[in-house]
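This report is written for reading alongside the sequence and the model. Please keep both in view while following the sections.

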Amino acid sequence: MKNILSIHRQGEGHWVGDGFPVHTIFHYQEHPELSPFLLLDHAGPADFTSADKQRGVGWHPHRGFETVTVVFEGEVDHQDTAGNGGRISTGDVQWMTAGSGLLHKEFHSEAFTRSGGRFEVLQLWVNLPANSKMTPPGYQGIVDKDIPAVALPDGAGTVRVIAGEFAGVKGPARTFTPINLLDVSLTAGKRVRLHLNDGYTASLYVLSGKVLLNGQEQASGTELVILDRKGDELTTEASTDARLFVMSGEPIEEPVAGSGPFVMNTPQQIREAFKDFHAGRMGKIPAEAA
Ligand code: MN
């Protein structure tokens with residue numbers, strides 16, 4: 001059994017640009033033990049009124065890690081200076097490898113801007129191992145239909161496998177280190193045993209609902225539960241219908257130095273990142289969008 005180490009309430013919220021009202025669920029400075037995961041932001045759920053001008057966050061850089069954006073409701077447009085772009089909607093996932101560095105912008109899609117409506121997105125930052133921090137930037141646009149949904153026994157719910165594996169079913173995301181990312185929907189009144197790897201970091205974020213974990217501790221939306229690396233199983237009993245975002249991975253046991261949009265191994269590499277960004281070596285904002 002993976003023991004529960006701690007449960008954390010959501011803190012103060014803040015805005016990222018004018019499109020993302022987020023709560024930071026964890027950050028590597030407070031929770032280095034969650035390696036390879038660096039940060040989790042929960043945007044919304046929030047209701048946006050219809051508008052003419054797209055809301056979001058303009059051009060900004062990243063280096064040294066990956067951003068994983070999971071859309072629960074709404075629609076987000078992405079464009080980056082590595083030449084990638086895409087639109088992700090409800091159920092889709094965007095897996096962006098910043099690697100050696102790029103600039104990107106993230107905005108509500110034009111259609112969502114016009115219609116308005118409910119908006120809810122998670123963004124997870126996944127660290128890269130030292131030998132891959134300067135890998136060329138990459139982009140995986142993963143659509144809902146490519147994410148397998150595993151039915152749990154006894155009608156207990158479903159598990160969408162975004163990355164890694166669950167019950168022998170593999171998720172579509174390519175990762176640099178072993179990671180299991182699961183979007184778990186649980187049915188009220190049902191009990192489930194989730195297998196998680198012994199030795200892997202494990203945590204879960206309760207998006208909504210209420211669950212009893214290991215028959216001991218209650219967690220409810222929007223709490224973060226940090227589990228022990230030791231052990232290989234977690235039992236959940238849903239008191240209400242519930243949705244959990246389960247993050248598990250092999251820890252990267254390397255030094256972490258970060259500042260703002262850059263996460264590297266040493267302070268010297270962070271100074272280089274700022275220098276490279278200001279010199280335009282991470283890419284230049286396309287002229288038509290400047
Ligand atoms: Mn970003």
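The sections below treat the basis of the model, the metal site, the strands and the salt bridges.

## Basis of the model

The structure is a predicted model, in which local features need pLDDT of at least 70 and side-chain atom pairs count only at pLDDT 80 or more, while totals for chains, interfaces and linings use all residues. Residues are numbered from 1 along each chain as its sequence is written, and side-chain values use heavy atoms, with hydrogens and water left out.

## The manganese site

The manganese ion is coordinated by the NE2 atoms of His60, His62 and His104, at 2.1 to 2.2 Å. Donors are N, O and S atoms within 2.8 Å of the metal (3.2 Å for Na, K and Ca); water is not among the atoms, so sites may look incomplete. Along the chain, the donors follow the spacing H-x1-H-x41-H. Histidine 62 in strand S5 (residues 56-62) and histidine 104 in strand S10 (residues 102-108) lie 42 residues apart and link distant parts of the chain. Strands are DSSP runs of E with at least two residues, and helices are runs of H or I with at least four, numbered from the N terminus.

Histidine 62 counts as buried at 4% relative accessibility, and histidine 104 is buried at 0%. Here buried means under 20% relative accessible area, exposed over 50%, and partly exposed in between (1.4 Å probe, protein chains only).

## Strand S14 and its partners

Strand S14 (residues 157-163) is mostly covered, with 6 of its 7 residues buried. Strand S13 (residues 149-151) runs antiparallel to S14 and is joined to S14 by 3 bridges; two strands pair if DSSP finds at least two bridges between them. Alanine 149 stands opposite arginine 160 in this pairing. The two strands S13 and S14 form a hairpin with 5 residues between them, and aspartate 154 in the turn has a positive phi of about 65 degrees.

S14 also pairs in the antiparallel sense with strand S17 (residues 179-186), over 6 bridges. In this pairing, valine 161 has leucine 182 of S17 as its bridge partner.

## A four-stranded open sheet

An open sheet of 4 strands, paired antiparallel, has the order S18-S23-S20-S21. Strands S18 (191-195) and S21 (217-220) stand at the edges with a single partner strand each, so one side of each is left without a neighbour in the sheet. S18 is joined to the antiparallel strand S23 (residues 233-238) by 5 bridges, and valine 192 has threonine 236 in S23 as its bridge partner.

## Salt bridges

The whole structure holds 15 salt bridges, each defined as a side-chain nitrogen of Lys or Arg within 4 Å of a carboxyl oxygen of Asp or Glu. In one of them, aspartate 47 pairs with arginine 118, with the closest N and O atoms 2.8 Å apart. This pair links distant parts of the chain, as aspartate 47 belongs to strand S4 (residues 37-48) and arginine 118 to strand S11 (residues 117-127), 71 residues apart. Aspartate 47 is exposed at 57% relative accessibility, whereas arginine 118 is partly exposed at 37%.

Another salt bridge joins arginine 281 and aspartate 276 (2.8 Å, N to O). Arginine 281 counts as exposed at 55% relative accessibility, whereas aspartate 276 counts as buried at 16%. Salt bridges that share partners also join Asp144, Arg160, Asp183 and Arg243 into one network.
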